[in-house]
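Have a look at the fold first, then follow the questions below.

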Amino acid sequence: MRQGWRWFGPEAPVTLDEVRQTGATNIVSSLHQVPIGRAWTEKEVRERQSLIETTPADRSPLVWSVVESIPIPDAVKRKGGEAEAEIEAWIASLEAVAACGIPIVCYNFMPVVDWTRTELDFVTPTGATAMRFDHERFAAFDLFVLKRPDADRQYSAEDRERARVVFEQMSQEEVAEITRIITSALPGSTTEPLTIPAFREKLVAYSGIDAARLRRHLIEFLEAVTPVAEARGVKLTLHPDDPPRSLFGLPRIASTADDYAALFDAVPSAANGMCYCTGSLGVRADNDLPAIARRFASRIHFAHLRATTREGDGRTFHESAHLEGDVDMVAVLRELVAEDRRRSAKDTIVFRSDHGHRMLDDLDKTVTPGYPAIGRMRGLAELRGIMHALGAPPT
Ligand code: DNO
């Protein structure tokens, strides 16, 4: 397996030279500066590629092997007015990436919001901080800040009451903070930052779109893009929903093994692949992670490895250290390493240690939420240890 590292570009707090020190060799990056929906040019991709792949004297090389992500605008997910033009723009970006020889592209199909948390710096017993999703705080935001019209019907009386109590105990600063975290789009997000009125409008635009219809739209999107990817030798990898269930009454269709099976059945192209994210899928107790890895082994080209711990009834969770929490990382890696052995060296799975606790010096530094250097490096080192023990040291 190839060791990846998500790098947010030249402005990011973690530099490429620091990435080298972690042992990672494969860069995962995107043109985050390009507005969502605008086609990438080959020149732009090449510029970023040369930044990554021009190796200073006496340093080890890095290669840009995964684009995470080419964002898919909401119009495509809703099949709204601009959908066709947006798909053409997406294909143009894909072609620019392919022309530069980057073999893997990651994307997601979550409506309105990408990955969602309610706290960025939840203090763990070690003193390091983690990201957390608190179902009650989330419901408090949905019911009493966003005041989503259908929300009342979608929570049980007990949930509504708990959310009310939580909301009443929140200070104005806490309300502002949770609003910022949920609406401002977390790093690497493929959705635009939103104001509350814009958020409401976006939700209204989805009325009438249920899971079956969203799935149809994704299949139509895949039917349009996979022939291009296949012809150009690029693997597309769909990232799971995070968390893997409906939020704000919106459908989500990449949360379970059956969700993925439906997509692979509908669009069997080998370019139709999966970003296997243990942190996202692992939030659901009914997702058997090693079984999913085994079932879709040949479709997995990119893996995000991290663990979460479910709290209470399981709807609340926090991000644990990579080998703690609810994910059996050894069992997961056994499956991925077995698949990797079936492949040629150039097609091995790229993995990255996903997210990481904020710890040590990073507690005093500006960090990209979820992506501090030290916590991710700790995760990568632990994952590498498992791979060595399994007899398949990462490359
Ligand atoms: C968060 C990431 C997501 C992911 C996109 C994929 O840490 O996993 O932002 O990159 O959802 O398109």
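**Helix packing and the barrel**

Helix H10 (residues 211–232) packs with helix H11 (residues 257–266) at an angle of about 40°, their axes 10 Å apart. This is a predicted model, where local features need pLDDT of at least 70, side-chain atom pairs count only at pLDDT 80 or more, and totals for chains, interfaces and linings use all residues. Residues are numbered from 1 along each chain as its sequence is written, and side-chain values use heavy atoms, leaving out hydrogens and water.

Q: Is H10 roughly parallel or oblique to H11?
A: Axes are lines fitted to C-alpha atoms, for helices over the stretch in contact, and angles run from 0 to 180 degrees between N-to-C directions. Under 35 degrees counts as roughly parallel, over 145 as roughly antiparallel, 65 to 115 as roughly perpendicular and the rest as oblique. The angle here is about 40°, so H10 to H11 is oblique.

Q: In which order do the 8 strands close into a barrel?
A: Helices (H or I, at least four residues) and strands (E, at least two) are DSSP runs, numbered from the N terminus. Two strands pair if DSSP finds at least two bridges between them. The pairing in this barrel is parallel, and the order is E1-E2-E3-E4-E7-E8-E9-E12.

Q: Which residue in E9 stands opposite cysteine 275?
A: Strand E8 (residues 272–277) pairs with strand E9 (residues 300–305) in the parallel sense over 4 bridges. Opposite cysteine 275 in this pairing stands phenylalanine 302.

Q: At what angle does H2 run to E3?
A: Helix H2 (residues 42–53) lies across strand E2 (26–29) and strand E3 (63–68). Its angle to E3 is about 135°.

Methods:
Contact = heavy atoms within 4.5 Å.
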